[in-house]
Amino acid sequence: MRISHGSLLAILLVLCGGACSPQSTAQSSVGDGLNEAFAQETLTIVNDEGVSRQFDVYLAQDSEQQRRGLMFVRQMPLTTGMLFIYEDTEFHSMWMKNTYLSLDIVFARADGTVSSVIRNTEPLSLRSLSSTEPVKYVLELNAGAARRFGIGTGSRLLLETNES
């Protein structure tokens with residue numbers, strides 16, 4: 001499944017206001033086959049204070065990619081993450097099965113605004129970590145990134161794709 005310049009991305013690109021890098025791809029290699037299995041893009045996060053920060057993200061766009069997520073990844077650059085893009089806005093849950101990294105999990109509404117953040121997850125846990133309201137996006141970052149970059153419920157995710 002490819003993401004079109006449909007409703008959500010059009011909104012996010014308008015919100016982006018040119019702050020996103022055109023034709024960008026994640027340059028970091030985290031190994032474990034992620035570069036081959038996932039599309040890569042640049043995600044701009046405008047934090048609670050209005051400061052923009054770019055992250056290289058792997059896109060989990062279909063159910064197979066979403067099941068795999070960051071399982072078996074043992075290290076990841078500080079400004080790299082995975083963005084789960086769901087077709088429907090609903091409650092979404094994550095777990096840390098076979099995930100060796102502690103993560104911050106950012107849940108975002110269809111318009112890209114952050115709904116909630118779960119910080120410093122427990123690696124390898126089977127506990128379900130759920131959004132507090134229906135969301136369309138889930139962003140996984142290294143544990144501590146949300147605090148370090150000021151990502152909270154006032155933040156926005158802005159994604160620009162390489163599609164024409």
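1. Phe72 is partly exposed, with a relative accessible area of 44%. In this predicted model, Phe72 lies in the loop between helix H3 (63-68) and strand E3 (80-90). Together with Tyr100 and Leu124, Phe72 makes a nonpolar surface patch of about 280 Å².

2. Four aromatic pairs are counted. In one of them, Phe38 and Tyr58, the ring centres are 6.4 Å apart and the planes stand at 75°, so the pair is edge-to-face. Phe38 belongs to the loop between helix H2 (34-37) and strand E1 (39-46), and Tyr58 to strand E2 (residues 52-60); the pair thus links parts of the chain 20 residues apart. Phe38 is buried at 4% relative accessibility, and Tyr58 is buried at 0%.

3. Phe72 and Tyr100 also pair: their ring centres are 6.5 Å apart with planes at 50°, so this pair is tilted. The partners are 28 residues apart, with Tyr100 in the loop between strand E4 (93-94) and strand E5 (103-108).

4. Of the 164 residues, 49% count as buried. Among contacts with a separation of 6 or more, 72% join residues 24 or more positions apart. The chain exposes about 7600 Å², of which carbon and sulfur atoms supply 49%.

Definitions and conventions
Residues are numbered from 1 along each chain as its sequence is written. This is a predicted model: local features need pLDDT of at least 70, side-chain atom pairs count only at pLDDT 80 or more; totals for chains, interfaces and linings use all residues. Side-chain values use heavy atoms; hydrogens and water are left out. Buried means under 20% relative accessible area, exposed over 50%, partly exposed in between (1.4 Å probe, protein chains only). Contact means heavy atoms within 4.5 Å. Accessible areas come from the Shrake-Rupley method with a 1.4 Å probe; for residues, only the protein chains shown count as cover. Patches are made of residues with over 30% relative accessible area and no salt bridge: like charges are joined within 9 Å, nonpolar side chains (Val, Leu, Ile, Met, Phe, Trp, Tyr) within 5 Å. A salt bridge is a side-chain nitrogen of Lys or Arg within 4 Å of a carboxyl oxygen of Asp or Glu. Helices (H or I, at least four residues) and strands (E, at least two) are DSSP runs, numbered from the N terminus. Rings of Phe, Tyr and Trp (its six-membered ring) pair if their centres lie within 6.5 Å; planes under 30 degrees apart count as stacked, over 60 as edge-to-face and the rest as tilted.
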